[in-house]
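Work through the exercises below with the structure in view. Try each task before reading its solution.

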Amino acid sequence: MKKLSIFAILILSLLPVFSIRLFSQEVTKISPYIQLQYFKNTDDQRILQTSLTYSKNRMELPLSGMEISFYSGGDQKRLITTGVTDNKGVVRLELKSDIELKSDKDGMWGFSSEYKGNDTIDAGKSEITIKDVRLEMALTVIDTIKTITVKAFTKVNGTEKPVSGEAVKIYVPRMFSLLPISELTLDESGTAITEFPSDLPGNKDGNLTIIAKFEENPTFGNVEKRETLKWGLTTDYSVPSTHRALWTKTAPRWMIYTLSVLLAGVWGHYLFAIISLIRIRIEAKRKAREEYKI
Amino acid sequence: MKEIVKNESESDRSSRRNFLKKVGIGVGAVSIAGIAGSSVLAASKAKSGEKIKLLSPDGTLVEVDKDDIKPASEIVADLKEEARAGLPNRKFSMVIDLARCKNARKCVEACQEGHLLPKDHEWMKLYLLQDDIHTAKYWFPRPCFHCDKPMCVSVCPVGATYKRPDGIVLIDNQRCIGCKFCMTGCPFSARVFNWKDPEVKVPEGHVYDPETNIPATEGTVGKCIFCADKLRKNELPRCVTACPMGVIYFGDILEDTVTNGNETERFSKLMVDRAGYRYREELGTLPSVYYLPPTQRMFPVESGLEDTDESIKGRYKNVGPR
Amino acid sequence: MNQLRVGIKMSVHDNKFIWNQKKTMDADNKLLKDLTPELEKTSLTWYITFSIFFAVFAVGVYGLIQQIDKGHIVTGMRDNVVWGFYIVNFIFFMGLSYSGALISGVLHLFHTGWRKPVIRIAELITVISLIIGPFFIFFCIGRLDRLYFLFIHARIQSPITWDVIAIITDLVGCFTYLYLSFIEDFAILRDYADLNVPPWKKKLYKALSLGFTGTPKEKKILKNARIIMAAMIIAIAIIVYSVLAWIFGVTLQPGWHSTIFGPYFVIAAVFSGTGLLIILMWIFRKIYHLEEYITKRHFVNVGVLLTVIAAFYGYFTFSDYLTKWYGSIKMDSILIDKLFTDYYSLFIFANYIGILLPCIIIAFPRFRTIPNITIAAIIAISALWVNRYIIVIPTLETPFLPIQDTRPAWITYSPTWVEWSLTLAGVAVFAMLFMLVSKIAPIISISEMQEKDENEIMK
């Protein structure tokens, strides 16, 4: 009995060793980077975006097809919904009802997104707290100078108060990215005014879009206001299809004429030679017929 | 910063294009309209009655009469026509900041990966140049310059390479006869030739499109195409996004904007502030690639040789004034 | 009295103008006796020589098959030197065709007497090298299965399209001109009763002579046609070779972007054509025993022509390199450095020895012997091939952006056995075609030589 119990104790004490070896053989899990962002666009549509990526060889690669859970509320979390990341590792959720947008004591909204993890990837979590802000942008021409006036207000206990000291950035969206125009700081009255450059190209009608936004603001998230108007220079760039050059489909006229004249001249002479041959044949046949008759 | 709201019609167009290319048997746009109900094509042909199941762009499974499907050759012809037309009202240019380049070669690798190139084909090539013993050495990334007066296009006898209105010079590898006149015409050695079968694996059902130029074909010419397929999706070329130093800026200069993925600048301002120039301006080919001089480097030129493969380091043994 | 004598002579010759079907051998027709044996029988030596050339050709074909199978990687061409031996041979063979244009065309128009024994050879060189030249282009093209694109998708802004049009025009023109010169000869051979050739050859002569009977009217038509074609040939020759030169001249490459290339190439082509003419004159004179017809006088005359052209050729070369060297932009000076270091011996051979030696040999009466003149011609023609090589390849090895590569094949051009075998095959085909033609048509134009006789009698 004693031997049996000693044996059992020995084996039991060795178990951790086995399990340690099991652990050491295990592949180290990928540690993902999860980022939750809040967006409010110009139509007051509110969107939560979570991106799930990981780092490999100093490059950031997306994790797609992973399930992300969105929660609202800071301490008492309430599941809003779940979503699956796309091929860029991003999943978006539009916040619609008031249930999702329940503010806490400071008038702040809490959101979080979680990734539960799987066999190869660790779990991750990201939390943000957002305060709702109303951003206004007025585009006016004052003394022939294009002026942008930006105002921001938050609701505190039911009343609107201006936001001051925060940075608002002005952009013009371009084909691949946003072109920064200027960065403004809101004054005490929550206002900032700046000039818009008059030499910026727009589209072919001169239209361009101007965006004023809070960018990754710790309190407000990403809030933007955009407007399209004719504040740009017209750019109508089109190469007419009838353009003739060395590198176009149709050749310059002088080339075609020169070539035609040369070819016509030379092959015309060849034709003369061929006709001569035919004439020789005809002449010889005529001669042969004459001789035969004689 | 990323844009959330995408232009709906643009994404539709690009997804349809991708759909066209992925489905090897080829479904024409007319056929898809036929599914939706206008059925002009369907009415004009007697149906064979044979139906084929296809996945439409919005992810629904549809049944299409076999007569409504266009043959792959027509699809390729459509793609080629689109490739010749280009993107309307755009003029693409690149700006390369020589002060930042340190021969990381990520641009070369991303380009080779994206276009399924064999390893000895480099559409983006890195030179180490020194014009005079007293002037600075600098790393010189050289894509195709997509010249506004392209010598390569002028000398092509069959029109296999062409300049399109948005500035990009493309190659139609199904028309190229491999005479290599364009290679002797280009003063910048931008073109490579497929001397043997490149032996690359092409994805299933892939349809030839000059905007991706996959696969490389034996006996034809290849070169940088400013990733025309990505531009259709409003995405930057592969070398631009791959560069860890943000060396390459790209943009539509009609909008006067270039970006390297992180920084966006006004093209005109960048040129004036940093004294941009074009390589060998005097040759008169009017390149679309501008260079910013290698002033005020943050790291020495030699650091570009540190992490490089031995086989590549050997290229730069005899660098110096010629 | 004299007028009466002339009148009698005229009437005697009137009868001779109209040939009957059965004409017997005449003492006057020593020409026929001397020239027809080659048409009648083929010696064993001929067969052996032909087989050797055919073997060389076969090796070339094998090389071509390798190239088509494995791709152009079997050649020495790589991404910088994309044009190698094939283009050099193409320009070279196209250049040889200018002997016909000059000797035949110009001398025909100027009614030079001594040209007669050699014009047939000159015209044959023209046509045969025009047939071979384009094949070298085909070897250089990556996708032979798409060759017809050059016609259905042609862009007229491209110098290659100009070249395609020009070569086709030249081929048709030279063929026509050659045929025009054959008609009378075929008529004579058809009528020569003692001709001991197989029936198929007799039928061939009959068909190709178009029933020509030598009436004044027929002769006049033929003569006018030949004059027109001779003038055309000269014009075409200049245009074709200039177009070929402009394939290089219009590019921006250092060394090629030269304004003198058009005339330079034309002169160089005539130089090579004349050299080849001398060589072939010597060969045929030896093997067909034509010492009586192709005399030292001919060698000297063509040799003098060679010297004059060599002088022009040297002048153009010197002019080109002087202007490149004196006020040299950087790329030009890099190229000239390369020529005088890596390509030094080739450069000296092509541009100094190749020009001066033939001039010296022919200029001094002491050295002017038939073997010497032939050697001068051989030097001239080889020097010209090397000159073509050092025009094409060194430029491609010094591009604007330096070649930074570790693989030697990508840095310097070195031709492989495939390219050598195809070059030699080209020469072999040239020889074979000449040998075949010499069995069907006399290598000296009988009708031209007879015309000389009649002109002399008329005096």
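**Exercise 1.** Find what share of the contacts in chain A between residues at least 6 apart in sequence join residues at least 24 apart.

*Solution.* Begin with the term: two residues are in contact if their C-beta atoms, placed from the backbone, lie within 7 Å. Next, take the contacts in chain A between residues at least 6 apart in sequence; 52% of these join residues at least 24 apart. The model is predicted, so local features need pLDDT of at least 70 and side-chain atom pairs count only at pLDDT 80 or more, while totals for chains, interfaces and linings use all residues. Residues are numbered from 1 along each chain as its sequence is written, and chains are lettered from A and ligands numbered from 1 in the order in which they are written.

**Exercise 2.** Describe the elements and the spread of chain A.

*Solution.* Step one: chain A has two helices and 16 strands. These are DSSP runs, numbered from the N terminus: helices are H or I with at least four residues, strands E with at least two. Step two: chain A is more spread out than a compact globule, because its radius of gyration is 39 Å, well over the 19 Å that the globule rule gives for 294 residues. The radius is taken over C-alpha atoms, and the rule is 2.2 Å times the number of residues to the power 0.38. Step three: along its principal axes, the C-alpha trace of chain A spans about 145 × 90 × 30 Å.

**Exercise 3.** State what percentage of chain A is buried.

*Solution.* A residue is buried if 20 or more other C-beta atoms, placed from the backbone, lie within 10 Å of its own. Of the 294 residues in chain A, 26% are buried.

**Exercise 4.** Characterise the contact between chain A and chain B.

*Solution.* First, the counts: chain A gives 22 residues and chain B gives 24 residues. Second, strand S13 (residues 178-185) of chain A supplies the largest share of the side of chain A that touches chain B, three residues. Third, by class that side has 14 nonpolar, four polar and four charged residues. Here Ala, Val, Leu, Ile, Met, Phe, Trp, Tyr, Cys and Pro count as nonpolar, Asp, Glu, Lys and Arg as charged, and the others, Gly among them, as polar.

Note on methods:
A residue is buried if 20 or more other C-beta atoms lie within 10 Å of its own, exposed if 12 or fewer, and partly exposed in between; C-beta atoms are placed from the backbone.
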